[in-house]
Amino acid sequence: MSRALKALGVAAATVLLASGCAAGTHPGAAAVVGSTEISVGDVDKTSRAVSGALGQPFETNVTLSELVNNALVKEVRDQRSVTVSDAEIAAAMKLVVRDATAYQKFEADPVARDFLSQVAATAVATIKLGGGTGVTDPKVQAAQQAGLAVVKDASKNITVDISPRFGKWTDGAIDGAASGSLSDESAQAKAKREAAEQAQQQQQQPQG
């Protein structure tokens with residue numbers, strides 16, 4: 001699936017984004033893109049759903065990258081009044097996931113289907129932002145590149161904050177500083193757990 005995403009020019013749209021700022025997120029938020037907040041829970045459930053549909057792991061850092069990119073492109077398309085129809089999204093969805101069996105699994109899971117729909121809408125919008133007509137445009141690659149340039153320029157005026165626990169953006173993706181798992185404990189949660197375990201151990205020790 002990742003090859004298909006890159007072929008559609010989706011994953012590269014956030015290349016210019018710098019590392020996220022903690023000031024823009026709050027506990028429970030994985031990222032904030034303009035007016036859109038992406039929660040840790042959203043990323044976690046999307047990662048699980050897409051992994052199930054693909055039959056292989058779809059890492060949480062990749063999931064977050066794509067969700068941020070989808071939100072960013074939507075902000076730009078809304079600003080520029082670029083519309084994407086349901087029919088255009090449906091056609092693009094089948095180009096992103098060409099395997100019929102995998103596509104059926106995406107269709108069967110509401111969370112996975114919603115994610116695929118967002119990715120497809122992002123692909124179509126990117127092409128249109130570059131002056132193309134959609135995924136069937138004969139000059140689709142040139143339109144993609146032009147669209148990415150438009151998003152790249154517009155992103156300078158859109159606030160994008162990534163929770164520090166997930167690392168920072170490098171070449172349009174979250175770098176290795178991220179844990180890759182949204183189930184990992186925060187430092188605060190870990191400290192509380194260890195304190196509770198220590199207290200329990202002390203209680204269980206025989207009294208002198």
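Residues are classed here as buried under 20% relative accessible area, exposed over 50% and partly exposed in between, with a 1.4 Å probe and protein chains only. By this criterion D42 is partly exposed, with a relative accessible area of 29%. The structure is a predicted model, in which local features need pLDDT of at least 70 and side-chain atom pairs count only at pLDDT 80 or more, while totals for chains, interfaces and linings use all residues. Residues are numbered from 1 along each chain as its sequence is written, and side-chain values use heavy atoms, with hydrogens and water left out.

Side chains of opposite charge can pair when their charged atoms come close. A search of the whole structure returned five salt bridges, a salt bridge being a side-chain nitrogen of Lys or Arg within 4 Å of a carboxyl oxygen of Asp or Glu. One of them joins D42 to K45, with an N to O distance of 3.8 Å. These two residues are three residues apart in helix α2 (residues 40–54) and are therefore separated by about one helical turn; helices (H or I, at least four residues) and strands (E, at least two) are DSSP runs, numbered from the N terminus. K45 is partly exposed, at 39% relative accessibility.

E107 and R113 form another salt bridge, with their closest N and O atoms 3.1 Å apart. E107 has a relative accessibility of 31% and counts as partly exposed; R113, at 34%, is also partly exposed.

Helix α5 (residues 100–108) packs against α6 at an angle of about 110 degrees, with the axes 5 Å apart. Axes are lines fitted to C-alpha atoms, for helices over the stretch in contact, and angles run from 0 to 180 degrees between N-to-C directions. Helix α5 is thus roughly perpendicular to α6, the range for that class being 65 to 115 degrees. The contact (heavy atoms within 4.5 Å) involves Y103, F106, E107 and A108 of α5 together with P110, A112, R113 and L116 of α6. By class, six of these residues are nonpolar, none is polar and two are charged, where Ala, Val, Leu, Ile, Met, Phe, Trp, Tyr, Cys and Pro count as nonpolar, Asp, Glu, Lys and Arg as charged, and the others, Gly among them, as polar.

Terms used:
Angles under 35 degrees count as roughly parallel, over 145 as roughly antiparallel, 65 to 115 as roughly perpendicular and the rest as oblique.
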